[in-house]
Amino acid sequence: MTNKDSVVIERIFDAPIEFIWQMWTQPEHFKNWYGPKGFSVPVADMDLRVGGKRLVCMEMQTPDRTMKMWTTGEYVEIVLNQRLVYTESMADENGNVVSPAVMGMPDGYPTTTEVTVELEDLGGRTKMVMTHAGVPAGSSGNAGWEQAFDKLADRLETALKDKSSGR
């Protein structure tokens with residue numbers, strides 16, 4: 001895949017690498033930041049081992065209903081505090097893959113995409129490079145990730161303040 005078929009986002013967080021790893025791999029942390037602004041994550045089932053399954057639900061309240069979007073996938077590579085790779089597909093609440101077209105995605109949107117998270121220790125700070133292969137750069141998926149990482153930065157700031165104040 002070419003880079004135009006991938007969202008690539010690099011961020012530097014003022015948090016230790018182990019903390020960023022936990023944000024990606026522990027459901028209770030992941031639920032607190034994942035998804036675009038306005039979305040919550042009521043479900044994040046993660047079997048963190050190669051071949052382990054993921055099932056995530058993002059939801060958003062609209063004036064007339066609760067909109068839910070489920071994704072499923074499998075962990076492909078796990079290198080503690082360094083590299084996380086998993087597949088992602090649109091799904092129903094039971095983790096059955098559904099066609100992107102059924103979910104209103106544009107023609108040609110792949111059934112399965114792949115997310116790679118690479119972390120680098122910068123001496124108490126962490127450089128994160130996230131690549132979502134199969135989602136076009138500049139797409140709404142790109143904007144969604146940017147918003148999620150803004151939420152992650154806010155979440156880290158709050159969590160680190162709580163930790164330093166002994167809460």
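How do the residues of the lining of the largest pocket divide into nonpolar, polar and charged? They divide into 17 nonpolar, 10 polar and 2 charged, where Ala, Val, Leu, Ile, Met, Phe, Trp, Tyr, Cys and Pro count as nonpolar, Asp, Glu, Lys and Arg as charged, and the others, Gly among them, as polar. The model is predicted, with local features needing pLDDT of at least 70 and side-chain atom pairs counting only at pLDDT 80 or more, while totals for chains, interfaces and linings use all residues. Residues are numbered from 1 along each chain as its sequence is written, and side-chain values use heavy atoms, with hydrogens and water left out.

The largest pocket holds about 670 Å³ of space; a pocket here is an open set of points on a 1 Å grid over the protein atoms alone, where a 1.4 Å probe fits, with protein on both sides within 12 Å along at least five of seven lines, and its lining residues have an atom within 4 Å of a point. Of its 29 lining residues, Met58, Met69, Met90, Met105 and Gly141 lie nearest the centre. Helix H3 (140-164), strand E4 (66-79) and strand E5 (83-91) each supply at least two lining residues, and the largest share, 5 residues, comes from H3; helices (H or I, at least four residues) and strands (E, at least two) are DSSP runs, numbered from the N terminus.

E3 and E4 pair in the antiparallel sense over 9 bridges, pairing being defined by at least two DSSP bridges between two strands, and they form a hairpin with 4 residues between them. E2 and E3 also run antiparallel, joined by 5 bridges, with Arg54 in E3 as the bridge partner of Met46. In the hairpin of E2 and E3, which has 6 residues between the strands, Gly51 takes a positive phi near 90°.

Leaving aside neighbours within four places in sequence, Trp24 is in contact (heavy atoms within 4.5 Å) with residues including Trp33, Met46, Met130, Trp145 and Phe149. H1 is largely enclosed by the rest of the structure, because 7 of its 9 residues are buried, Trp24 and Trp21 among them; buried means under 20% relative accessible area, exposed over 50%, and partly exposed in between, with a 1.4 Å probe and protein chains only.

In the loop between E7 and H3 sits Ala137, which is partly exposed, with a relative accessible area of 42%. Ala137 and Asp5 are 132 residues apart in sequence and 6.2 Å apart in space, C-alpha to C-alpha.

How values were computed:
Grid points are joined across faces, edges and corners, and a volume is the space filled by probe spheres set on the points.
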